[in-house]
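Please have the sequence and the 3D view open as you read.

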Amino acid sequence: MGQREARAADGSVDTEKETGALVPRQAALLWLACAAQFMVVLDVSVVNVALPSIQTALGFDAAGLQWVVGSYALVFAGFLLLGGRLADLYGRRRAFVWGLALFSVSSLVGGLATGPGLLIAMRAVQGLGAAVLAPATLTILTTTFPEGPGRTKALAIWTAVSSAGGAAGNLIGGVLTDALSWRWILLINVPIGTVAVLAALRLLPSDRSRAVSGRLDLPGAVLATLGVTALVYGVNQAGTQGWTGATTLTGLAVSAVALTAFAVTESRYTAAPLMPPRLVRLRPIWAGNVTMLLAGGCFIPMWYFLSLYMQEVLHYGALATGVGFLPHTLVGIAAARLAPAVMERTGARGLIVLSAVLSAVGFVWQSSISMDSGYLDGLLGPAIVMSAGMGLLITPITTTVTSGIREQDAGAASGLMNTTRQLGGVVGLAALVTLATADGGPDLSYRAVFVATAAVCAGVAVMALALPAPQEGQDESVAMRR
């Protein structure tokens, strides 16, 4: 069948969904969304390599230095639900431009900071911009591409770019810090962000009146943000204070109370809820997000422990560690690009099971490393298997979670999926750090961490069985649209 164009409701042009081909406007929007997502993911890790230079230049103490990373991660995770809903209420064009502008301006001010307080504050503002921007990128894709091969292909590219951003942070940070200055790890966002804002104003259609009635659900926004932020803070504190420490327990208690109040408020007292209960009741949403939570708990901590191994055991420098992650990056990108073709044969549920099992095998293999292992015999082989599994996994989960969602709820669904992925990574890292620091010697620590991660990957495969089969998913999608 040849390529055929159809006029979408918002005036954008889409191709016949059976072909999976992209018209120029779709391709431009895809790469715009991917560029913004790359910036967001990159800035989670790009500062890691530059921390010693930042400490020397601005006079950070050891306690304050961790907040250069922590303030971004904390605010980013805490505001994702709110950021996703803003696109539904005020339009994806406004949300995308606002988030991108906030991210770019805070990068400029942070890159010019002359003291610790200003840099930490700007990293927090960056996190806020990212929390608005990240769900907006996914919302743009799910509202631009109709369900079918075209959307699957777009999500695969978006996933590959996200993986590249996370993996390339150490390498790019090392190059910029060595060649220019630590300030350029932030200042580089300014020209990229400026071009992206101009492109967004040109490419994204003007926001029409939204289908969601009412104003922003302020009580829900406050409770959700407080609950998620307190959870992230409490879990992070567990890494230094232990799970029974006062700050850990306080954070977890505040989170439990706030999230319980949020659930009650959304289900009983809000006309236009931040997270509509009808979404959470839909099986692709709740099962898909639990699956994504577990997947985040596998793959986000992987970068931490492998980086630690390369630097502490193999004695690699920051730049060499970044280069050491190139096989992970390249294999992950290649696998993500391959995911749509594999999905055509296996279906989304089948590919999730297959890729989770493949990842588990890779992590079991990785658990065989010891203090005498080198890069080639200890890391390279498992890297190929784990990264292949990771690259194949995210696209079918994302496709499942975003299928059958009405346009007016696309931002909420995107914000929820981003939140569960980040929470999975935060909780998984804290739990694995606790395991790694248990008695038993350094060899056993790394082995136990990777065996435990393999077990979580197996849990992803089991959880995938709760996802609807293709026909069931279509039936639920029809019910959802009604």
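D43 forms a salt bridge with R123, and their closest N and O atoms are 3.7 Å apart. A salt bridge here is a side-chain nitrogen of Lys or Arg within 4 Å of a carboxyl oxygen of Asp or Glu, and by this rule the count comes to 1. D43 lies in helix α1 and R123 in helix α5 (residues 116-144), so the pair ties together parts that are 80 residues apart in sequence.

This is a predicted model, in which local features need pLDDT of at least 70, side-chain atom pairs count only at pLDDT 80 or more, and totals for chains, interfaces and linings use all residues. Residues are numbered from 1 along each chain as its sequence is written, and side-chain values use heavy atoms, with hydrogens and water left out.

**Confidence**

- The chain has a mean pLDDT of 80, with 87% of its residues at 70 or more; pLDDT is the predictor's confidence in each residue, from 0 to 100.
- Among the elements of the chain, α4 has the highest mean pLDDT (92) and strand β1 (residues 5-7) the lowest (41). Helices (H or I, at least four residues) and strands (E, at least two) are DSSP runs, numbered from the N terminus.
- Over residues 1-20 pLDDT stays under 50, and the model has 44 contacts beyond four places in sequence for them; contact means heavy atoms within 4.5 Å.
- Residues 440-444 also stay under 50 in pLDDT, with 4 contacts beyond four places in sequence.

**α1 with α4**

- The axes of helix α1 (residues 24-45) and helix α4 (residues 92-111) come within 12 Å and cross at roughly 40°. Axes are lines fitted to C-alpha atoms, for helices over the stretch in contact, and angles run from 0 to 180 degrees between N-to-C directions.
- α1 and α4 are therefore oblique to each other; angles under 35 degrees count as roughly parallel, over 145 as roughly antiparallel, 65 to 115 as roughly perpendicular and the rest as oblique.
- On the α1 side the contact is made by L32, A36, M39 and D43, and on the α4 side by F96, L100 and F103.
- These residues divide into 6 nonpolar, no polar and 1 charged. Ala, Val, Leu, Ile, Met, Phe, Trp, Tyr, Cys and Pro count as nonpolar, Asp, Glu, Lys and Arg as charged, and the others, Gly among them, as polar.

**α4 with α8**

- The axes of α4 and helix α8 (residues 189-203) come within 9 Å and cross at roughly 160°, which makes α4 roughly antiparallel to α8.
- Residues of this contact include F96, L100 and F103 of α4 and G193, A196 and A200 of α8.
- By class, the contact has 11 nonpolar, 5 polar and 1 charged residues.

**α1 with α8**

- α1 and α8 pack at an angle of about 150°, with their axes 11 Å apart, which makes α1 roughly antiparallel to α8.
- R25, A28, L29, L32, M39 and D43 in α1 meet N189, I192, G193, A196, A199, A200 and L203 in α8.
- The classes here are 9 nonpolar, 2 polar and 2 charged.
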